[in-house]
Amino acid sequence: MNENEPKKPGGIYSKKVMEHFMNPHNWGRMENPDGVGKVGNPICGDVMWIYIKVEDNRIVDISFETFGCVAAIATSSITTDMVKGKTVEEALEITNKAVANALDGLPPNKMHCSLLAEEGLKAAIEDYIAKKKGKKQDNQKQEK
Ligand code: FES
C-alpha cells in the first residue's frame, strides 16, 4: 500500500474519527479572540470558524465551530489539539494530511473535508497577523 494513501479506504471511519465527532474537543465560540478564520468548503457548502488566542507568538487557546460532516468536525477537533501550545510558525506547518494521519486516516472521498480545518487555521492566523499590524500602525499614528 502507498504510504500516502489514507489507512481506512472504503468509506469506513476510524475509531479516532468517531471519538472526535461524538465528543469534539475545544468546541465553541471564543470571547475576544486575537484571530478568527471563517472558511467554507466549495464542494459541499459546509462552513467552519476557528478562533485563536496568541501570547508571545504562541497559540495559547483555540476553539472552533464547524457546521459540516463527520470528517469536518473530527478534523477540526484534532487540529485544535495539535495546534494548542504551538508557535504561529509551527501551526502554519500543519497540513491536512498530517491531520488525517493523526485520525488514523480518512476515507479517500472525505479527504477534501480535512482542508476545512487547515484553511480555517491559516485564515485565523492571517487575521491575527493583520490585526497585529493594524495595531502597530495605530500606535505609530498616535505617537506622531
Ligand atoms: S462533506 Fe462538507 S466538509 Fe465534509
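**A walk through the predicted model**

Let me start with a pair of strands. β1 and β2, the latter covering residues 47–55, are paired antiparallel over six bridges. Keep in mind that this is a predicted model. I will build out from that pair.

Take two positions along it. Gly37 sits opposite Ile50 of β2. Val36 sits opposite Tyr51, also in β2. The two strands make a hairpin, and six residues lie between them. In that turn, Gly45 has a positive phi of about 90 degrees.

Now the next strand over. β2 also pairs with β3, again antiparallel, over nine bridges. Lys53 has Asp61 in β3 as its bridge partner. Val47 has Phe67 in β3 as its bridge partner. These strands form a hairpin too, with two residues between them. Asp56 in this hairpin takes a positive phi near 50 degrees.

The three strands make an open sheet, ordered β1-β2-β3, with antiparallel pairing. Which strands are at the edges? They are β1, residues 35–40, and β3, residues 58–67. Each of these pairs on one side only. On average, neighbouring strands are turned by 15 degrees against each other, direction ignored. As a reminder, strands of a sheet pair through backbone hydrogen bonds, either parallel or antiparallel.

What packs on this sheet? Helix α2 does, and it touches β2 and β3. The direction of α2 makes about 175 degrees with that of β3.

Let me step back to the whole chain. The count is five helices and three strands. Along the sequence the pattern reads α-β-β-β-α-α-α-α. The C-alpha trace spans about 65 × 25 × 25 Å along its principal axes. There are 144 residues, and 35% of them are buried. Now count contacts with a separation of 6 or more. Of those, 66% join residues 24 or more positions apart.

On to the helices. How do α1 and α2 cross? Helix α1 is residues 15–22, and helix α2 is residues 70–83. Their axes come within 8 Å and cross at roughly 85 degrees. Anything from 65 to 115 degrees counts as roughly perpendicular, so α1 is roughly perpendicular to α2.

Who meets whom there? From α1 we have Val17, His20 and Phe21. From α2 we have Val70, Ala71, Ile73, Ala74, Ser77 and Ile78. By class, this contact has seven nonpolar residues, two polar ones and no charged ones.

Next, the core. The largest nonpolar core holds 30 residues. Which members touch the most others? They are Met48, Ile50, Ile52, Leu103, Leu121 and Ala124. Several elements give two or more residues to this core: β2, β3, α2, α4 and α5. Here α4 is residues 96–102, and α5 is residues 114–143.

Ile50 is then in contact with Gly37, Ile62, Phe64, Gly120, Leu121 and Ala124.

Last, two loop residues. Asn26 lies between α1 and β1. Its phi is near 60 degrees, a positive value in a residue other than glycine. Is Asn26 buried, exposed or in between? A residue counts as buried at 20 or more other C-beta atoms within 10 Å, and as exposed at 12 or fewer. Asn26 has 19, so it is partly exposed.

Asp104 lies in the loop between α4 and α5. Its phi is near 65 degrees, positive again in a residue other than glycine. Asp104 has 14 other C-beta atoms within 10 Å, so it too is partly exposed.

To recap: an open antiparallel sheet of three strands, with α2 packed on it, α1 roughly perpendicular to α2, and a largest nonpolar core of 30 residues.

How values were computed. Residues numbered from 1 in each chain as written. Predicted model: local features only at pLDDT ≥ 70, side-chain atom pairs only at ≥ 80, totals over all residues. Helix = DSSP H or I, 4+ residues; strand = E, 2+ residues; numbered from the N terminus. Contact = placed C-beta atoms within 7 Å. Axes fitted to C-alpha atoms, helices over the stretch in contact; angles between N-to-C directions. Parallel < 35°, antiparallel > 145°, perpendicular 65-115°, else oblique. Nonpolar A, V, L, I, M, F, W, Y, C, P; charged D, E, K, R; others polar. Pairing = 2+ DSSP bridges. Core = buried A, V, L, I, M, F, W, Y, C linked by C-beta atoms within 7 Å. Lists of a residue's contacts leave out its neighbours within four places in sequence.
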